[in-house]
Amino acid sequence: MAFRCAATSMLSLLEPMTHTDKLPAPKLGEPFLLTPGPLTTSIKVKEAMLRDWGSWDDDFKAMTAELRAGLIELLGPGCDAFDCVPIQGSGTYAVEAMLASFTPKDRKTLILSNGAYGKRAAQTMDYLGRPFELLDKGDYLPPRGHEVTERLQADPEISHVLIVHCETSSGILNPLQEISDAVAAVGRTLLIDSMSAFGAVPLEPSHLNFAAMVSSANKCIEGVPGFGFVLARKSDLAAAKGNGHSLSLDVHAQWAHMEKTGQWRFTPPTHVVAAFLEALRAHKREGGVAGRGARYARNRDVLVSGMRSLGFETLLEAEWLSPIIVTFFCPADPAFSFPAFYDRMKSRGFILYPGKLTVVDSFRVGCIGQMDEFVMTGVVAAASEVLAEMGVQSAAPPAEALAERAKLAA
Ligand SMILES: *Cc1c(COP(=O)(O)O)cnc(C)c1O
C-alpha cells in the first residue's frame, strides 16, 4: 500500500501498551481502522484463522462451548440465568433473530430510536409483520425513562421494548439503566441491541432487567466479522419455541440444537470462531469488561481533548459520549472537505468513518479495536497536519451545528 506510512512509527508508539499482549500495528503497512467494526484486530487473532476445523468434530464442539461460556461470563453477576446462542451472519442477522424470536405476534413492541440502528430495528419489525410503536428521538437525542413510562402506561398492548445501548450512528451511550428501570416498573420486557457496547460497557443482569441482548464478533471483543450472538434468559429462550419467522434465524431452534449436539445447525464460520476465541482470551487478560472499557475510555479522552485543541467540536456533550465512537462536526471553513480529509488521513495510516447525521455534516472516529492512547495521539497529530495542508484556518463547526447541539442541553 502506498501511504506515507504511519505504521512504522505506530509500532514504537504502541510499545508502552500496558496489557499483556504487546500490540503492534495490525501489520506493517495496514492502516488503523478507526471504525466501529470491522476493526483493527491483533496478529494473534488473524493467525488463529490459519487452520481448518471440521464443524462436527469434537475439537470444534469444544471451541463452540468455550465461546458460549466465555460470553455468558461477560455478563457478570446474575449470568447463571442466561445462555448464549451464536447466530451466523453480521450483527443485523442476530438483531433480526432476536426480534423474531422474542417479540410477540399479537402484542406490540416499542422501538426506541435515536439513529440508524433504531430505525433498522423498526424496519426489521416491518419485514416481520409484527406490531410495533416507534419512539423516535431523531439523530441523537436520548430516549428518557419518563417518556418510556408514559408510552407504556398509555398503551397496555405494548409488551416489549427495544433499546439500542450505544447508538453507533452518533456514538451516544443511551441511558440503559434508566430505561431498564422504567420498563421493569410497569412489568414489560426489555430487549437490548448492545452490538457496539458489549464487552466494553457493563451490562449486568444484577442491575438490569432484560430478556435478551445481542452483539457480534467484530465489535468490542475485537474478533473478525462472521457471526453475532444472543444472550438470553433461559426461561425466555424456552418460551421462544415456535415464535421464529425463519428457519435460519430461529434462536430457539439454534439453542435447542446446540444444547443437544454441541454443534451449530448450519455451517459455522469456523475460522471466525477460532479467531474469536483468541480475542476472548485477550479480552480476559486485559481485565475483562472493566479493562477493555478503561482502554477505550482513554482512547476517547485523548482523541476528544486533542481534537478540541485543534478547534473541532463533538456532537455530544461529555455526559453522552460513549467510549466506542465519537462524532465530530465538520469544520465550517470552506477549505475543508471530508473526502479530501479522509484521503489524507488514510495516506497517514488512519481510516476514518463518515458521519450519519441528517442535519449537519459530521464524521466519526472509532475508539475500539487494537489501538491505544498513543495511536489516538497519532490520529490528532495527523489531523493537525492535514488541516494545515488543506489550508483550513479554523476547525470550528458552523453556527447551526452548535445550535443543534444546544438541544441536548435543553
Ligand atoms: C454494528 C451494529 C449493528 C449490526 O450491524 P452489521 O453491519 O449488521 O454488523 C447493529 N446495531 C448496532 C448498534 C451496531 O453498532
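A polar contact is here a pair of N or O atoms within 3.5 Å; within protein, one atom must be able to donate a hydrogen and the other to accept it, and residues adjacent in sequence count only if both atoms are side-chain atoms.

## Basis

This is a predicted model, in which local features need pLDDT of at least 70 and side-chain atom pairs count only at pLDDT 80 or more, while totals for chains, interfaces and linings use all residues. Residues are numbered from 1 along each chain as its sequence is written, and side-chain values use heavy atoms, with hydrogens and water left out.

## Ligand site

Ser 90 has a polar side-chain atom 2.5 Å from a ligand oxygen atom. For Thr 92, an N or O atom of the side chain is 2.4 Å from an oxygen atom of the ligand. In the side chain of Asp 193, an N or O atom is 2.7 Å from a nitrogen atom of the ligand. On its own the ligand has 390 Å² of accessible area, and the protein covers 86% of this (Shrake-Rupley method, 1.4 Å probe).

Helices α4 (91-102) and α5 (116-128) are the elements that give two or more residues to the shell around the ligand. Helices (H or I, at least four residues) and strands (E, at least two) are DSSP runs, numbered from the N terminus. The residues around the ligand (a heavy atom within 4 Å) include Tyr 117, Arg 120, Met 195 and Lys 219. By class, the shell holds four nonpolar, five polar and three charged residues; Ala, Val, Leu, Ile, Met, Phe, Trp, Tyr, Cys and Pro count as nonpolar, Asp, Glu, Lys and Arg as charged, and the others, Gly among them, as polar.

## Three-stranded sheet

An open antiparallel sheet has the strand order β11-β14-β13, where pairing requires at least two DSSP bridges between two strands. Strands β11 (325-329) and β13 (353-354) are at the edges with a single partner strand each, so one side of each has no neighbour in the sheet. Between β13 and β14 (residues 362-366) there are two bridges; Pro 354 has Phe 363 of β14 as its bridge partner.

Helix α11 (residues 288-309) packs on this sheet and touches β11 and β14 (contact: heavy atoms within 4.5 Å). The direction of α11 makes about 10° with that of β11; axes are lines fitted to C-alpha atoms, for helices over the stretch in contact, and angles between N-to-C directions run from 0 to 180 degrees.

## Backbone exceptions

Most residues other than glycine have a negative phi, and most peptide bonds are trans. The bond joining Gly 37 and Pro 38 is cis, with omega about 0°; Pro 38 lies in the loop between β1 (32-33) and α2 (43-47). Glu 222 has a positive phi, near 70°, and is in the loop between β9 (212-216) and β10 (227-233).
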